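Open the model in your viewer and keep the sequence panel beside it. The stops below say what to select and what is there.

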Amino acid sequence: MNALVQVAAEESENPLIPPIPELVIGLIAFAIVFIFLAKKLLPNINRVLEERREAIEGGMEKAEATQAEAQQVLEDYRAQLADARHEAARLRQEAQEQGAALIAEMRAEGQRQREEIIAAGHSQIEADRKQAAQTLRQDVGRLATDLAGRIVGESLEDVARQSRTIDRFLDELEAKATDGSKAEAGR
């Protein structure tokens with residue numbers, strides 16, 4: 001009978017509901033594990049997760065800051081490059097202007113020197129012409145006096161008379177030469 005009571009008692013028990021002492025021991029063991037996890041393991045896990053989150057956020061912030069700094073450096077570089085290009089263009093323009101001014105100055109100096117050389121040449125030609133005319137007057141006068149003396153048969157040694165005669169003769173020749181050149185120019 002005992003066996004029958006046990007079988008009947010077993011049949012009356014629900015297999016889904018555990019016996020009370022096992023349930024109490026299970027709940028106590030669960031509470032111990034839960035308390036251990038909550039007190040020891042969970043704060044460490046939360047701390048590691050928080051550090052990881054801060055590292056990720058800090059890395060993203062650092063990356064954003066680095067990217068912003070790189071963008072600023074790039075903009076500064078571009079601005080410096082633009083300034084350098086403007087400065088180079090300005091220096092080229094100044095050099096061209098200075099070159100043009102130097103060329104104009106050298107041309108003016110060359111023109112001035114040319115004018116001086118031409119003026120000196122003209123004055124030298126005029127001086128040579130006057131000297132040649134003076135020498136020619138003297139030579140022509142001497143030859144004319146000698147020739148006139150031979151034709152007349154007497155010596156014409158009066159210097160004042162010779163000078164006047166020679167000057168008059170040469171003036172007449174110059175007047176004829178001037179009249180002839182004007183007549184040719186008029187044609």
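Helices (H or I, at least four residues) and strands (E, at least two) are DSSP runs, numbered from the N terminus. Along the sequence the pattern reads α-α-α.

This is a predicted model: local features need pLDDT of at least 70, side-chain atom pairs count only at pLDDT 80 or more, and totals for chains, interfaces and linings use all residues. Residues are numbered from 1 along each chain as its sequence is written, and side-chain values use heavy atoms, with hydrogens and water left out.

**Stop 1: confidence**

Colour the chain by pLDDT, the predictor's confidence in each residue, from 0 to 100. The protein averages 82, and 83% of the residues score at least 70. Now select helix H1 (residues 2–12), where confidence is lowest, at a mean of 57; it is highest in H2, at 88. Where pLDDT is low, the predicted coordinates should not be read in detail.

**Stop 2: the surface**

Show the surface of the protein. Accessible areas come from the Shrake-Rupley method with a 1.4 Å probe; for residues, only the protein chains shown count as cover. How much of the protein is buried? Buried residues are 3% of the 187 residues, where buried means under 20% relative accessible area, exposed over 50%, and partly exposed in between (1.4 Å probe, protein chains only).

**Stop 3: residues 20–38**

Select residues 20–38. The UniProt annotation "transmembrane region", from an unreviewed entry, covers them. UniProt positions are given in the numbering used here, feature names are shortened, and annotations may be inferred rather than shown by experiment. The span is 100% helix and 0% strand, and its end C-alpha atoms lie 26 Å apart.

**Stop 4: an aromatic pair**

The structure holds one aromatic pair. The ring centres of Phe30 and Phe34 are 6.2 Å apart and the planes stand at 20 degrees, so the pair is stacked. Rings of Phe, Tyr and Trp (its six-membered ring) pair if their centres lie within 6.5 Å; planes under 30 degrees apart count as stacked, over 60 as edge-to-face and the rest as tilted. Phe30 and Phe34 are separated by about one helical turn because they are four residues apart in helix H2 (residues 20–152). Both Phe30 and Phe34 are exposed.

**Stop 5: a nonpolar patch**

Select Val33, Phe36, Leu37, Leu41, Leu42, Ile45 and Leu49, which make a nonpolar surface patch of about 610 Å². Patches are made of residues with over 30% relative accessible area and no salt bridge: like charges are joined within 9 Å, nonpolar side chains (Val, Leu, Ile, Met, Phe, Trp, Tyr) within 5 Å. Leu42 is in helix H2, and its 42% relative accessibility makes it partly exposed.

**Stop 6: salt bridges**

How many salt bridges are there in the whole structure? A search finds nine; a salt bridge is a side-chain nitrogen of Lys or Arg within 4 Å of a carboxyl oxygen of Asp or Glu. Select Arg90, which forms a salt bridge with Glu87 (2.2 Å, N to O). Arg90 also forms one with Glu94, the closest N and O atoms being 2.3 Å apart. In helix H2, Glu87 lies three residues from Arg90, about one turn, and Glu94 lies four residues from Arg90, also about one turn. Arg90 is partly exposed, at 38% relative accessible area.

Finish at Arg114 and Glu115, whose side chains meet in a salt bridge (3.2 Å, N to O). Elsewhere, salt bridges that share partners join Glu50, Arg53 and Glu57 into one network.
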